[in-house]
Amino acid sequence: MTGPATPSPSPPSSSTPSSPPSAAPSSPPPDSVYRHSGFLAFLVARVVAVVATQVQAVVVAWQVYDLTREPLALAYVGLAQFLPMLCLLLPAGDLIDRFDRRRILALAWSVGAVCSALLWWLAGHGASGVAGIYAVLVLYGCARAFSGPAMQSLLPQIVPRGQLAQAIAANSMLMRVASIGGPVLGGLLYALGGGELTYTVCCSCFVLGALLLMRVVVAHAAPLAPAQGTMWQRFGAGIAFIRSRPIILGTISLDLFAVLLGGVVALLPIYAQEVLHVGPAGLGALRSAMAVGEVGAGLYLSLRPFNRHVGRTMFIAVAVFGVANLVFALSTLFWLSFVALLVAGAADMVSVYIRGALVQFSTPDAMRGRVNAVNMLFIGSSNELGEFRAGTSAAWLGVVPAAVVGGLCTLGVVGGWMLAFRPLRKVDRFEEAANAH
């Protein structure tokens with residue numbers, strides 16, 4: 001991670017102290033991403049927005065189940081958000097490549113604030129029942145289709161290229177912390193003041209996040225090129241670009257199939273009750289184990305990022321993830337199961353760190369919106385469909401055989417992808433990914 005990767009026009013401008021715009025990109029020392037005021041503002045904005053998302057998800061699920069007492073109603077909560085995201089992610093990627101990403105993200109979070117305000121109104125006037133909640137969630141899913149790729153595409157425009165890997169590690173770690181703390185905060189807020197208080201906090205967080213984005217200095221953005229062809233032609237160019245880059249295609253598809261086939265999170269309630277016999281408290285500990293491993297690995301990587309043998313390390317990390325899930329699948333001891341999930345979480349964070357950096361380094365700025373939209377689609381599909389796969393295979397095979405087969409499938413995917421995507425396996429430094437075809 002050296003200085004020459006950073007665009008050269010910015011540093012010389014520091015010789016003119018009277019020019020405010022040039023001071024921001026040149027002021028941070030090259031070895032400390034945390035000294036970037038724009039990066040810190042971006043982190044804080046994203047944390048408060050993720051907390052609002054997590055708090056809102058907990059309260060919406062609670063209210064919907066409280067109104068219906070039907071488990072299927074909870075499935076519709078996810079479906080109401082996933083379908084508009086699925087339909088809009090790809091057009092959103094095209095728009096993110098053509099317009100100011102910071103403004104698109106601020107607008108998406110502003111729509112999130114409107115959704116929180118509507119949910120606040122419904123909490124006090126529940127005459128519409130769950131139908132009104134579902135309608136708001138559809139609008140919220142539309143906003144998330146833009147916010148996800150915009151966030152991923154904005155980060156490389158904020159920090160120099162030489163600090164991008166460290167920024168990704170810090171960002172991933174803090175997002176995981178927010179994802180853990182958000183549901184806890186949501187439960188406490190709902191217990192204290194019900195839905196109206198909770199949605200007020202969510203609305204405030206979304207507004208705060210949008211305002212903080214205005215303090216983000218976009219110092220490393222390439223000039224916007226004029227649009228060429230129709231939206232579908234531009235999207236087709238994005239797909240062709242991904243297919244022509246084995247590092248990008250291999251990276252995002254490895255994550256898709258490894259999580260889709262090997263994830264065990266959906267099986268934790270069954271394991272806690274029928275295999276480990278630890279009850280609800282034990283289930284909470286098991287769910288936190290993977291998160292603790294992720295946060296610990298993310299904190300380490302944010303302080304000591306590495307940039308050697310990255311392709312091989314990612315394959316090793318996914319293989320460790322599969323082996324750890326196998327150990328969990330066969331374990332009947334609570335402490336061993338806890339440690340296995342802890343290791344799986346740490347390995348997953350290493351994979352997330354490398355995957356995020358490889359995708360960003362491999363993609364030119366003009367194409368990031370479309371590439372990150374496809375990446376978000378793959379990640380969302382692996383999470384949503386992975387839980388469905390785990391549940392159905394447990395119903396067909398039994399919970400332990402289903403978990404064992406999932407772990408073995410993950411290892412099979414690692415072996416197959418190492419053979420099919422040799423440029424990904426051989427890439428040494430992140431900077432090399434830009435030139436690999």
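The largest cavity holds about 90 Å³ of space. It sits in a predicted model, where local features need pLDDT of at least 70, side-chain atom pairs count only at pLDDT 80 or more, and totals for chains, interfaces and linings use all residues. Residues are numbered from 1 along each chain as its sequence is written, and side-chain values use heavy atoms, with hydrogens and water left out. The protein has 15 helices and 0 strands. Both are DSSP runs numbered from the N terminus: helices are H or I with at least four residues, strands are E with at least two.

**Overall build**
- Of the 437 residues, 49% count as buried. Buried means under 20% relative accessible area, exposed means over 50%, and partly exposed lies in between (1.4 Å probe, protein chains only).
- The protein exposes about 19,200 Å², and carbon and sulfur atoms supply 69% of that area. Accessible areas come from the Shrake-Rupley method with a 1.4 Å probe.
- Among contacts with a separation of 6 or more, 86% join residues 24 or more positions apart. A contact means heavy atoms within 4.5 Å.

**The cavity**
- The structure holds 1 cavity of 30 Å³ or more. On a 1 Å grid over the protein atoms alone, a cavity is a set of points where a 1.4 Å probe fits but cannot get out; lining residues have an atom within 4 Å of a point. Grid points are joined across faces, edges and corners, and a volume is the space filled by probe spheres set on the points.
- The largest cavity is lined by 13 residues, and D255, A258, V318, D348 and S351 are the closest to its centre.
- Helix 8 (246–262), helix 11 (310–330) and helix 12 (334–362) each supply at least two lining residues.
- Helix 8 gives the most, with 5 residues.
- Helix 8 is mostly covered, since 14 of its 17 residues are buried.

**Nonpolar cores**
- The largest nonpolar core has 77 residues; F39, V60, W109, L213, I354, L358 and F430 touch the most other members. Such a core is a set of buried Ala, Val, Leu, Ile, Met, Phe, Trp, Tyr and Cys residues joined through side-chain atoms within 4.5 Å.
- Helix 6 (residues 164–213) provides the largest share of this core, 16 residues.
- Beyond its neighbours within four places in sequence, I354 is in contact with F306, V310, T313, M314 and F430.
- Another core of 25 residues lies apart from the largest one, and its members include A324, A329, A347 and A402.

**Helix 14**
- Helix 14 (residues 399–420) has 22 residues, which at 1.5 Å a residue should span 32 Å; its end C-alpha atoms are 31 Å apart, which agrees. The expected span is 1.5 Å times one less than the number of residues.
- Its buried residues include A402, G406, T410, V413 and W417.

- R370 lies in helix 13 (residues 368–397). It counts as buried because its relative accessibility is 12%.
- Leaving out residues up to four places away in sequence, R370 touches G93, D94, D97, R234, F235, A237 and G238.
- R103 is in helix 4 (residues 101–124). R103 is exposed, with a relative accessible area of 57%.

**Two loop histidines**
- H277 lies in the loop between helix 9 (268–275) and helix 10 (279–303). Its phi is near 55°, a positive value in a residue other than glycine.
- H277 is exposed at 60% relative accessible area.
- H309 is in the loop between helix 10 and helix 11. Phi of H309 is also near 55°.
- H309 is partly exposed, at 36%.

Conventions:
1 Å grid on protein atoms, 1.4 Å probe; cavity = no way out; pocket = protein on both sides within 12 Å on 5 of 7 lines; lining within 4 Å.
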